[in-house]
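Trainee: Please take one part of this model and go through it closely. I would like the setting first, then the detail.

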Amino acid sequence: MDKTRPSCSPTNDPSGALAGAIGYLDSSAEHLITEIGFVITLPPFQRTHVTSNAVGLLLQYALDTPEQGGLGLRRVQWKANSVNAA
């Protein structure tokens with residue numbers, strides 16, 4: 001949710017407008033690694049701060065120690081497909 005923009009819903013939900021989806025995949029607790037993947041940013045939020053901030057939050061959560069409220073992973077990867085359009 002992008003809480004810097006008003007909601008696009010007819011109910012005017014105060015939590016913000018849906019900006020897309022992003023998450024972890026191919027995670028391994030044994031090797032303390034994960035990959036950030038399936039990044040989907042909806043058109044109104046493309047080329048804005050939203051995706052950069054979301055990736056930053058995922059990185060921080062993944063790499064922070066459990067004492068800091070994170071996962072305590074040692075490695076986070078990002079793989080891009082060569083056919084992705086800019």
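Mentor: The secondary structure comes to one helix and three strands. Read from the N terminus, the order is β-β-α-β. Keep in mind that this is a predicted model. The chain has 86 residues, and buried ones make up 22% of them.

Now to the residue itself. Thr34 sits in strand β2, which spans residues 33–41. Is Thr34 buried or exposed? Its relative accessible area is 2%; buried means under 20%, so Thr34 counts as buried.

Next, its surroundings. Leaving out residues up to four places away in sequence, Thr34 touches Tyr24, Leu25, Asp26, Ser27, Ala62, Leu73, Arg75, Val76 and Gln77. The side chains of Thr34 and Ser27 make a polar contact at 2.5 Å. Strand β1 covers residues 20–28.

Step back to the whole chain. Take the contacts with a separation of 6 or more: 35% of them join residues 24 or more positions apart.

Finally, the outside. The accessible surface of the chain is about 6,300 Å². Carbon and sulfur atoms hold 56% of that area. One nonpolar patch on the surface is formed by Leu18, Ile40 and Leu42. Together these three residues have about 260 Å² of accessible area. Leu18 belongs to the segment before β1.

How values were computed. Residues are numbered from 1 along each chain as its sequence is written. This is a predicted model: local features need pLDDT of at least 70, side-chain atom pairs count only at pLDDT 80 or more; totals for chains, interfaces and linings use all residues. Side-chain values use heavy atoms; hydrogens and water are left out. Helices (H or I, at least four residues) and strands (E, at least two) are DSSP runs, numbered from the N terminus. Buried means under 20% relative accessible area, exposed over 50%, partly exposed in between (1.4 Å probe, protein chains only). Contact means heavy atoms within 4.5 Å. Accessible areas come from the Shrake-Rupley method with a 1.4 Å probe; for residues, only the protein chains shown count as cover. A polar contact is a pair of N or O atoms within 3.5 Å; within protein, one must be able to donate a hydrogen and the other to accept it, and residues adjacent in sequence count only if both atoms are side-chain atoms. Patches are made of residues with over 30% relative accessible area and no salt bridge: like charges are joined within 9 Å, nonpolar side chains (Val, Leu, Ile, Met, Phe, Trp, Tyr) within 5 Å. A salt bridge is a side-chain nitrogen of Lys or Arg within 4 Å of a carboxyl oxygen of Asp or Glu.
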